[in-house]
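I opened this notebook to keep track of what I looked up in one structure.

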Amino acid sequence: MNLGNNFKRIAIAAGTGFFALTLVSNAQATTVVPAGNRNTEQPTIPGASANRTKKMRTTYEAKYQKIYGLLKSDRGLRTKIKSAAAAYNIDPVHIAGAIIGEHTYNVDAYDQLQTYYVKAISYVKQGVSFSYKGESVSDFIKRPEFEKCAGLSDSYSLWTCRENIWDSKFRGKKIDGNAYPNNRFAAVFFQPFYAGQTFGLGQISPLTALQMSDLVNRVSGLPKLSADDGAQVYKTIMDPDLSLHYMAATIKHSITAYNKYADFDISKNPGITATLYNTGGADSRARALAALNAGKQNKQLPQENYYGWLVNSKIDDLKSLF
């Protein structure tokens with residue numbers, strides 16, 4: 001609010017020049033999404049989540065209490081979360097919210113943080129190859145269909161382009177006698193242990209890690225990842241010291257995308273960033289919302305899903321951690 005007032009004062013002092021008008025326009029363009037849920041009741045939880053919880057003979061509340069207990073009891077983990085959040089200039093509650101959501105609805109938390117470190121080393125020892133039916137993803141993306149991605153240098157743009165090509169050209173289709181599954185690029189090529197699952201404290205997929213590699217390298221100084229070194233990718237997403245930076249980068253990217261494409265500041269609503277962490281596709285979702293709101297005075301705000309709804313409903317618990 002103070003910034004907007006300053007812009008208005010500059011406009012008055014400078015008259016009606018272009019510079020002053022630009023400042024006023026930019027100050028008014030971005031709408032801050034307020035805290036809290038837009039839905040009065042929690043949106044429907046997917047059946048797959050319910051089935052997993054039932055098979056584990058537990059409940060959502062028990063899973064929530066378990067992961068919240070880990071965060072509350074481990075001061076070192078909270079310090080790591082705050083450090084990663086500070087590097088990307090986001091509230092640590094966003095990271096905690098994503099962790100809470102993943103371990104409440106998708107997986108069960110380990111009792112101790114140390115277990116994640118042990119798992120990280122075990123994946124490195126096993127050896128990992130990103131491939132489908134013996135063809136490595138590095139060879140697969142050399143096909144002519146992927147030529148349009150060749151000029152992209154940023155890891156996010158590059159791997160997102162490749163993912164889009166997979167969806168449009170290969171997914172569920174038969175090409176040169178080869179039938180390709182009607183499944184996500186990440187599930188087909190990047191999850192050799194348990195297809196369809198993510199890993200670690202932040203439940204990050206290898207493809208997401210590859211997309212965020214350049215941003216994490218720039219901000220956190222961690223080495224860039226390569227699809228040719230699957231073991232290092234898996235170690236990164238399993239090791240909390242590393243994966244927390246990728247969580248922060250993913251959340252920061254969502255905030256940036258909604259600001260850039262939809263003129264919404266979602267940084268004050270951890271339920272929205274948690275929703276996007278769960279669903280992925282922040283860029284395309286932001287563009288779709290912008291198209292929906294085009295020309296409208298009363299713009300539709302981003303809405304939380306079942307996962308983000310929980311985060312917002314537990315916001316006092318999460319804030320108390322920090």
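The entries below go from the whole chain to single pairs and residues.

**Entry 1. Whole chain**

I noted at the outset that this is a predicted model. I counted secondary structure and got 17 helices and six strands. I then looked up burial: of the 322 residues in the chain, 46% are buried. For contacts with a sequence separation of 6 or more, I found that 71% are between residues 24 or more positions apart.

**Entry 2. Helix 9 and helix 11**

I picked one helix pair to look at. Two packed helices are described by the angle between their axes and the distance between the axes. For helix 9 (residues 155-170) and helix 11 (residues 206-220), I read a crossing angle of roughly 145°, with the axes coming within 6 Å. I listed the residues that meet: helix 9 contributes Ser155, Tyr156, Trp159, Thr160 and Glu163, and helix 11 contributes Leu207, Leu210, Gln211, Met212, Ser213 and Asp214. Sorted by class, this contact has five nonpolar, four polar and two charged residues.

**Entry 3. The disulfide**

I asked how many disulfides the chain has, and the count is one disulfide. A disulfide is a covalent bond between the sulfur atoms of two cysteines. Here the bond joins Cys149 to Cys161, at 2.0 Å from S to S.

Are the two cysteines buried or exposed? Cys149 has a relative accessible area of 1%, so Cys149 is buried. Cys161 counts as buried because its relative accessibility is 11%, under the 20% cut-off.

**Entry 4. Salt bridges**

I counted nine salt bridges and wrote up some of them. Side chains of opposite charge can pair when their charged atoms come close.

- Asp241 and Lys80: their side chains meet in a salt bridge at 2.9 Å, N to O. The pair links distant parts of the chain, Asp241 being in helix 13 and Lys80 in helix 5 (residues 75-87), 161 residues apart. Asp241 is partly exposed at 34% relative accessible area, and Lys80 is partly exposed at 30%.
- Arg143 and Glu135: in this salt bridge the closest N and O atoms are 3.1 Å apart. Arg143 has 18% relative accessible area and is therefore buried, whereas Glu135 is partly exposed at 23%.
- Arg171 and Asp167: the side chains form a salt bridge at 3.5 Å, N to O. Arg171 is partly exposed, with a relative accessible area of 28%. Asp167 is partly exposed, with 35%.

**Entry 5. His245**

I returned to helix 13 (residues 240-262), where His245 is placed. The relative accessible area of His245 is 17%, so I logged this residue as buried. Which side chain does His245 join in a polar contact of 2.9 Å? The partner is the side chain of Ser220. I then listed the contacts of His245, leaving aside neighbours within four places in sequence: Ala84, Tyr88, Val216, Ser220 and Leu222.

**Entry 6. Ala286**

I located Ala286 in helix 15 (residues 282-293). Ala286 counts as buried because its relative accessibility is 0%. Apart from neighbours within four places in sequence, Ala286 is in contact with Ala257, Tyr258, Tyr261 and Ala262. I also checked the spacing to Pro302: Ala286 and Pro302 are 16 residues apart in sequence, with 8.7 Å from C-alpha to C-alpha.

**Entry 7. Thr59**

Thr59 sits in the loop between helix 3 (47-55) and helix 4 (60-73). At 44% relative accessibility, Thr59 is partly exposed.

How values were computed
Residues are numbered from 1 along each chain as its sequence is written. This is a predicted model: local features need pLDDT of at least 70, side-chain atom pairs count only at pLDDT 80 or more; totals for chains, interfaces and linings use all residues. Side-chain values use heavy atoms; hydrogens and water are left out. Axes are lines fitted to C-alpha atoms, for helices over the stretch in contact, and angles run from 0 to 180 degrees between N-to-C directions. Helices (H or I, at least four residues) and strands (E, at least two) are DSSP runs, numbered from the N terminus. Contact means heavy atoms within 4.5 Å. Ala, Val, Leu, Ile, Met, Phe, Trp, Tyr, Cys and Pro count as nonpolar, Asp, Glu, Lys and Arg as charged, and the others, Gly among them, as polar. A disulfide is a pair of cysteine sulfur atoms within 2.5 Å. Buried means under 20% relative accessible area, exposed over 50%, partly exposed in between (1.4 Å probe, protein chains only). A polar contact is a pair of N or O atoms within 3.5 Å; within protein, one must be able to donate a hydrogen and the other to accept it, and residues adjacent in sequence count only if both atoms are side-chain atoms. A salt bridge is a side-chain nitrogen of Lys or Arg within 4 Å of a carboxyl oxygen of Asp or Glu.
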